[in-house]
Amino acid sequence: MRILALESSCDESAAAVLDSEQGLLAHELFSQVELHRIYGGVVPELASRDHVQKLLPLVRSALKKAGTEPLALSGVAYTAGPGLIGALLTGAALARSLAYAWGIPAIGVHHLEGHLLAPLLENDPPPFPHVALLVSGGHTMLIEVQAIGRYEILGETRDDAAGEAFDKTAKLLGLPYPGGPELARMADAATGGAFTFPRPMLDRPGLEFSFSGLKTSVLHSVRAAPVPMTDGFKSDVAHAVQEAIVETLVAKSLRALEQTGLDALVVSGGVSANRTLRARLAEIVSRRGGRVYYPRIEFCTDNAAMIAVAGLARLSAGQHDGLPIKARAQWPLESLPQLSSTI
Ligand SMILES: Nc1ncnc2c1ncn2[C@@H]1O[C@H](COP(=O)(O)OP(=O)(O)OP(=O)(O)O)[C@@H](O)[C@H]1O
Ligand SMILES: [Mg+2]
């Protein structure tokens, strides 16, 4: 089977071609970061309009790089949600139309299933079952992944996602959008110890997270800061924010491994690009005889290759959507149809 996949749930337009035998043949991506930077965040209407312009050229380019004619495709996968509804609709309408024109099935993919399965694109993929820590701009979840398509949510955030906490505290420090990677860069320039921020819910049992209090703590520090804020001050705060988030994620991940009795941990989603998180998890999990698996850095954030993996799994299992265009701003992972464990 060979499929084309599209991603357009937020501010990345992407297209990829994946073959069940030959692997990933092409993946193309355009990031809208420059378009949204002056607004300090994603402007949904601008995102949708830009997807309309960029998606089709990306599809052409991916097919060309993969050396694939539409006739060789078995289906078209696209991100159907969760995400910005206008942005989702652009990809969904294009994917559904191409599939109709080419006479092949279309499948609306759950964006988080894409993030969860991104590490399968690596040469050394994770074994099943495993625990997944999904840390992105909109989600923070611990999931027991029994097999492709069989997910049990062990815990999630009650308020802000980890990526959101990185982004919002970065904004308070006046760092440019997108704040997460910028805050991580500043954090690495500090020695630490100047500030300590709370690690919410660490002292309680369970696998839930809460990150919304972090921005209030940072706000108090920023109000007491020298004017204008010095780079040294920003680095010290960034370091303390990163420590609070990383320590919380590491502790809860270990707890999830202990609770399930599993050894393999997958970390995916945009925040899994964070080097301190990767290093800390790798060290602590290997100390207890386990192993951590990540997507390569470019597949941590949004991309179409991961949507192709999830789409291929579901198409191979005989799932597809018929003629309706599927786009859902909210789409709980729990409501995804289960796949048999043999896929
Ligand atoms: N090196 C890094 N350190 C910390 N955070 C990072 C890093 N790189 C990216 N991020 C964060 O990752 C997030 C983006 O990830 P991703 O693209 O997976 O999220 P999203 O698609 O917006 O959300 P979702 O997948 O939940 O819909 C942003 O919040 C960004 O700040
Ligand atoms: Mg994402």
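Which of the 20 residues around ligand 1 come nearest? In this predicted model, the residues that come nearest to ligand 1 are S136, G138, H139, D167 and D302. By class, the 20 residues of the shell comprise 12 polar, six nonpolar and two charged residues.

Polar contacts to oxygen atoms of ligand 1 involve both side-chain and backbone atoms of the protein. In the side chain of H139, an N or O atom is 2.7 Å from an oxygen atom of the ligand. At G163, the contact is made by a polar backbone atom, with a distance of 3.2 Å to an oxygen atom of ligand 1. G180 likewise contributes a backbone N or O atom, which lies 3.3 Å from an oxygen atom of the ligand. On its own, ligand 1 has 640 Å² of accessible area, and the protein covers 86% of this area.

I85, L89 and I325 make a nonpolar surface patch of about 250 Å². Of these residues, I85 is located in helix α3, which spans residues 85-102. The relative accessible area of I85 is 40%. I85 is therefore classed as partly exposed, because this value falls between the limit of 20% for buried residues and that of 50% for exposed ones. The value is also over the 30% relative accessible area that residues of a patch must have.

Conventions
Residues are numbered from 1 along each chain as its sequence is written. Chains are lettered from A and ligands numbered from 1 in the order in which they are written. This is a predicted model: local features need pLDDT of at least 70, side-chain atom pairs count only at pLDDT 80 or more; totals for chains, interfaces and linings use all residues. Side-chain values use heavy atoms; hydrogens and water are left out. A residue is near a molecule or strand if one of its heavy atoms lies within 4 Å of it. A polar contact is a pair of N or O atoms within 3.5 Å; within protein, one must be able to donate a hydrogen and the other to accept it, and residues adjacent in sequence count only if both atoms are side-chain atoms. Accessible areas come from the Shrake-Rupley method with a 1.4 Å probe; for residues, only the protein chains shown count as cover. Ala, Val, Leu, Ile, Met, Phe, Trp, Tyr, Cys and Pro count as nonpolar, Asp, Glu, Lys and Arg as charged, and the others, Gly among them, as polar. Patches are made of residues with over 30% relative accessible area and no salt bridge: like charges are joined within 9 Å, nonpolar side chains (Val, Leu, Ile, Met, Phe, Trp, Tyr) within 5 Å. A salt bridge is a side-chain nitrogen of Lys or Arg within 4 Å of a carboxyl oxygen of Asp or Glu. Helices (H or I, at least four residues) and strands (E, at least two) are DSSP runs, numbered from the N terminus. Buried means under 20% relative accessible area, exposed over 50%, partly exposed in between (1.4 Å probe, protein chains only).
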